[in-house]
Amino acid sequence: MRKALVVGINYYRHGSPLHGCVDDAHGVKSVLERHSDGTVNFGVKLLTGTGATDEVAKSHLRGQIQELFSGDSETALFYFAGHGHIEATGGYLLCTDSRSGDEGIALHDVLVFANQSGAQNKVIILDSCHSGIAGANPTIPSTAELSDGLTILTASTAEQYATEQNGAGVFTTLLIDALSGAASNLVGDITPGSVYAHIDQSLGPWDQRPVFKTNVKRFISLRKVQPPIDLGDLQRIAELFPTPGFEFPLDPSFEPERPVVDTGLPAPNPLNTAKFAILQKLNRVNLVVPVDAPHMWHAAMERKTCKLTVLGEHYRRLVQRNRI
């Protein structure tokens, strides 16, 4: 019930060729097909334009986009890497046989297919020049027209070009990094919002600027990866820190590693060392910090405390409310 149409076009009969779009499409297909544990994620259909015997014609692509957004799938995702064009009537995705910019597929048509789709979630990702116009009303460019459940993520604004670097699209390279795990949260979910945040943070103010438009009540997970902390350990956070602002008291019995010289410290307590192991895991993902000590080891040996970070308090509330 999750399907994706992934398109990459390098070859254009009547225009300049591109070099990284087909490889980008293969990369996106590969990362979307399965979650990191190998279980099936999206059913992906791949279209590539590599040469005269491997083209993506406008009529065929238009039909495939219509088919993608038909039916009542849980998620329908459209990814395109290739030439884009913009003029007074709106934006276009250029196909292998496009003779001019306005002979491509109108982004307005793509939006109509998505807006009328019965899919619960619709995601459009475009790595093409001027793609930021996607979702805008051609007559009122400042107005977006997105139906419920639709998200658009583009490589650049309506005025900018989408660039390639080292044989790959700058935007898609970051997109694949994000989907591979760089944009995951602590339970291993990667959402459209976290993907955008990763790309946005990676591009400076003088670079092409990604555009994110959405009309959703909640973010879906585009892919699941191995979380940086075990779910069972994460769920212990509300037990270890039962109230906001609580500081967990430590002492040497929590630390299993002893100084070489016998200092008369109490022996490690297995119950405490087990809790301390979880606290250290929470510390490594920035949920817990020692108080008045440089490291958790010092906090234990010096009988200090540890407390939740702001992010830690957020996850404590999620666990307490049975949201995780």
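## Close-up views of a predicted model

**View 1. P249 touches F254, K304 and T305, leaving out residues up to four places away in sequence.** Touching, or contact, means heavy atoms within 4.5 Å. This is a predicted model, in which local features need pLDDT of at least 70 and side-chain atom pairs count only at pLDDT 80 or more, while totals for chains, interfaces and linings use all residues. Residues are numbered from 1 along each chain as its sequence is written, and side-chain values use heavy atoms, without hydrogens and water. You can find P249 in strand β16 (residues 247-249). Strands (E, at least two residues) and helices (H or I, at least four) are DSSP runs, numbered from the N terminus. P249 has a relative accessible area of 49%, so P249 counts as partly exposed; that class lies between buried (under 20%) and exposed (over 50%), using a 1.4 Å probe and protein chains only. The C-alpha atom of P249 is 9.9 Å from that of V291, although the two residues are 42 apart along the chain.

**View 2. R223 is a buried residue without a salt bridge.** A salt bridge needs a side-chain nitrogen of Lys or Arg within 4 Å of a carboxyl oxygen of Asp or Glu. For R223, the nearest side chain of opposite charge is D37, 7.7 Å away; Lys and Arg count as positive, Asp and Glu as negative, and His and the chain ends are not counted. A polar atom of the R223 side chain does lie 2.8 Å from the backbone oxygen of R34. Beyond the neighbours within four places in sequence, R223 is in contact with several residues, among them R2, H35, N41 and D189.

**View 3. Strands β1 (residues 2-9) and β2 (residues 43-49) run parallel and are joined by seven bridges.** I9 has G49 in β2 as its bridge partner.

View 4. Strands pair if DSSP finds at least two bridges between them; β4 and β5 (residues 90-93) have four. One to look for has I86 and, in β5, G91 as partners.

**View 5. K45 and E67 form a salt bridge, with the closest N and O atoms 3.8 Å apart.** K45 sits in strand β2 and E67 in helix α2 (residues 58-68), so this pair ties together parts that are 22 residues apart in sequence. K45 is partly exposed, at 35%, and E67 is also partly exposed, at 42%. The whole structure has twelve salt bridges.

View 6. An α-helix has 3.6 residues a turn, so residues three or four places apart point the same way. Both E313 and R316 are buried. Salt bridges with shared partners bring E313, R316 and R317 into one network.

Methods
A polar contact is a pair of N or O atoms within 3.5 Å; within protein, one must be able to donate a hydrogen and the other to accept it, and residues adjacent in sequence count only if both atoms are side-chain atoms.
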